[in-house]
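Student: I would like to go through a new structure with you. Could we take it step by step?
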Amino acid sequence: TNLLKIRWDEPLTWETKQSFGHNIRIRPVSFTNENKRDLLSNLHPVVTKEYLAVDPKYDKLVTRLRTCYADEMNLKKEVVSYNDLLDSVMLALRAYNIQ
């Protein structure tokens, strides 16, 4: 992640969540169980309300979205593959709050 900060000419010090300015692009995200639930609960309405469009050429992502399984907002990753793709989509959509 430090390489990303160097690429975007950001300081290598890591700010706390409260001190993020508008000019900071690279922010650490913790994948704790609580945060994973929040990310998944945010993704769910985006997908079920059909707001997410995925080009068919991203067939692995489409496969991952079709085969993901959660129990009480706890994603079961051991069942399927392409987990990083789903994590990436959840991170990309975390700025959107659709209810």
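Tutor: Let us begin with a term: contact, or touching, means heavy atoms within 4.5 Å. This is a predicted model, in which local features need pLDDT of at least 70 and side-chain atom pairs count only at pLDDT 80 or more, while totals for chains, interfaces and linings use all residues. Residues are numbered from 1 along each chain as its sequence is written, and side-chain values use heavy atoms, with hydrogens and water left out.

Student: Fine. What does Asn42 touch, not counting residues up to four places away in sequence?
Tutor: With those neighbours set aside, Asn42 touches Leu93, Arg94, Tyr96, Asn97 and Ile98. Asn42 lies in helix α2. Helices (H or I, at least four residues) and strands (E, at least two) are DSSP runs, numbered from the N terminus.

Student: Is Asn42 buried or exposed?
Tutor: Asn42 is buried, because its relative accessible area is 11%. Buried means under 20% relative accessible area, exposed means over 50%, and partly exposed lies in between (1.4 Å probe, protein chains only).

Student: Now the overall picture. How many helices and strands are there?
Tutor: The protein chain has four helices and two strands. Starting at the N terminus, the elements run α-α-α-β-β-α. The chain has 99 residues, of which 22% count as buried.

Student: And what about contacts across the sequence?
Tutor: Among contacts between residues at least 6 apart in sequence, 41% join residues at least 24 apart.

Student: Which residues form the largest nonpolar core?
Tutor: It has ten residues: Leu39, Leu40, Leu43, Val46, Leu61, Leu75, Leu86, Val89, Met90 and Leu93. A nonpolar core is a set of buried Ala, Val, Leu, Ile, Met, Phe, Trp, Tyr and Cys residues joined through side-chain atoms within 4.5 Å. In soluble globular proteins, nonpolar side chains tend to be buried together.

Student: Take Val89 from that list. What is it in contact with, leaving aside neighbours within four places in sequence?
Tutor: Val89 is in contact with Leu43, Leu52 and Leu61.

Student: Which residues of α4 are buried?
Tutor: In α4, the buried residues are Leu86, Asp87, Val89 and Met90. They are on the same side of α4 because they cover an arc of only 160 degrees around the axis. The arc is that of the directions from the helix axis to the C-beta atoms. Asp84 and Ala92, on the other side of α4, are exposed.

Student: There is an aspartate among the buried ones. What does Asp87 touch?
Tutor: Not counting residues up to four places away in sequence, Asp87 touches Phe31 and Lys77. Asp87 counts as buried because its relative accessible area is 12%.

Student: What about α3: which of its residues are buried?
Tutor: The buried residues of α3 are Leu61, Val62 and Arg64. Seen down the axis of α3, they fall within an arc of 160 degrees, so they line one face of the helix. These buried residues pack against β2 (74-75) and α4 (83-92).

Student: Where is Glu50 found?
Tutor: Glu50 is found in the loop between α2 (33-48) and α3 (59-67). Glu50 has a positive phi of about 60 degrees although it is not a glycine. Most residues other than glycine have a negative phi. Glu50 is exposed, with a relative accessible area of 70%.

Student: Last topic: strand β2. What does Asn74 touch there?
Tutor: Asn74, which is found in strand β2, touches Leu40 and Tyr69, not counting residues up to four places away in sequence. Asn74 and Leu40 are 34 residues apart in sequence and 8.1 Å apart in space, C-alpha to C-alpha. Asn74 is partly exposed, with a relative accessible area of 31%.
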